[in-house]
Amino acid sequence: MDIGSVEQLIAGSKWQGKAAPEIVPGLQWLNSGPLSLKALRGKIVLIDFWTYSCVNCLRTLPHLKQWHKKYSAKGLVIIGVHTPEFAFERDQDNVAAAVKDFGIKYPVVLDSDYSVWKAWNNAWWPRKLLVDAKGVVRYDHIGEGGYDEAEAEIIKLLKEANPALKLPEKEPAQKAERGAVCYPTTAELYCGYSRGSIGNREGYGEERIAEYVDAGQHKEGFMYLQGSWLAKEEYLYHAGKAGHIQIRFRATTVNAVMSADKTCELEVTIDGKPLTKENAGSDVVVEKDRSFVRVKEPRMYNIIRLKRHASREVRLSAKRSFSIYAYTFGSCEGLDM
Amino acid sequence: MEKKKVVVYSAIWCPWCKKAKEWLTAQKIPFKEVDVEKEPKAAEEMVKKSGQTGIPVIEIGDEIIVGFDVDRIKKALKIK
């Protein structure tokens, strides 16, 4: 699909001016008892479709947390609609742990069967929608960004609902510096056979453990395996013993969505060398002559943070079993993820 | 304020481009937006002018600014 038709599709799916569909009852909630839009009439409601291992959603979180802090006492109710992308994101304990780790204080509804997603006819993570005091959608933003615009709309709707309201000053736009530049970057890489691409000549051994040999020539956009791996629809499972997964990327940051039944130490190298404090991601432990990430709970792990956008190769090596679902990449200098 | 033509070379996936455009809008500075992924010829021109492929590139009169650099934008527009 070209960008023009994507834009037409997006424009056709927007909710501005339409009545917001009710949140399907009977779902599990975190940080709150069940809420309904009907009961919230008179309040301004921000609906955020998210899922906890999605990098684009995590980049949106600081803004939502800040708005909750500033405006919840003034009549804003943020509802995080957690619609899972991967199977492990359907697990309530995993979502609850993530909500706690990220310091999310606003209500989160677990949309594990996609009922809220379908009611909104949604197709994107993240997506922010603002519902006014009468239950009408007034703002609809797909993807990251638009934070200043969204905050201005929150203020407008709060004042519309209560003209006497005194609001805290809007923060000035983020100060940017030299180096605030973005570059064309490797697209998100899924590891399972339903959406992924393996560069090894062997190809995917779907639903069976296969032996792979990494021949050493690596093209961007493909994964290269060494050792015993089981390919599942959503992920690749390293079946123990020594093995690795390697990719060539163009980016500033590299994240990997991973999990392990028992804590697994993955050695991380960039162009064959251990990471240093200058290029290690926040989940990487840097020691003398080695760098590694301890993988256990299913989530996104931040592996690499380069100061400058570059083309490099990253290898994750393990002697134990672990699963890898996806790689995501940051395209900008001067941003963390 | 001196009136200079402002062009922002950007792409929809680029967060710093969004911030730059939001900032210019908030300052009420009119600008022309060029999507480098939809207009390959303009993208080539941008690479020639700026000597690199990063975005946003902000062209203010004869000056080329790579990245969202508020201080340089203000200086080029002679605003405080």
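**Notebook: domains, cores and a sheet**

I started with the spacing of the two domains: the C-alpha centres of domain 1 of chain A and domain 2 of chain A lie 31 Å apart. Chain A splits into domain 1 (3–161) and domain 2 (189–330), with bounds that come from an automatic or database domain assignment.

Ground rules for this page: this is a predicted model, where local features need pLDDT of at least 70, side-chain atom pairs count only at pLDDT 80 or more, and totals for chains, interfaces and linings use all residues. Residues are numbered from 1 along each chain as its sequence is written, and chains are lettered from A and ligands numbered from 1 in the order in which they are written.

I looked up who touches whom, with contact meaning C-beta atoms, placed from the backbone, within 7 Å. Ten residues of domain 1 of chain A are in contact with ten residues of domain 2 of chain A. On the domain 1 side, helix 2 (55–71) and helix 3 (92–101) of chain A are the elements that give two or more residues. Helix 3 of chain A gives the most, with three residues. (Helices are DSSP runs of H or I, at least four residues, and strands are runs of E, at least two, numbered from the N terminus.) By class, I noted eight nonpolar, two polar and no charged residues on that side. Ala, Val, Leu, Ile, Met, Phe, Trp, Tyr, Cys and Pro count as nonpolar, Asp, Glu, Lys and Arg as charged, and the others, Gly among them, as polar.

**Cores**

Next I went for the nonpolar cores, sets of buried Ala, Val, Leu, Ile, Met, Phe, Trp, Tyr and Cys residues joined through C-beta atoms within 7 Å; buried means 20 or more other C-beta atoms within 10 Å of the residue's own. The largest has 87 residues, and those touching the most other members are Ile154(A), Cys191(A), Leu266(A), Val268(A), Ile303(A) and Ile324(A). Strand 11 (residues 243–259) of chain A supplies the largest share, eight residues. Domain 1 and domain 2 of chain A both give residues to this core, so it lies between them. I also found a second, separate core of 23 residues, including Cys182(A), Val7(B), Cys17(B) and Val66(B).

**Chain B**

I then checked the chains: 20 residues of chain B are in contact with 21 residues of chain A. Helix 1 (residues 15–26) of chain B brings the largest share of the chain B side, eight residues.

**Sheet**

Last, I traced an open sheet of six strands in chain A, order 1-4-3-2-5-6, with mixed pairing; strands pair if DSSP finds at least two bridges between them.

Conventions:
Buried ≥ 20, exposed ≤ 12 C-beta atoms within 10 Å, placed from the backbone. Contact = placed C-beta atoms within 7 Å.
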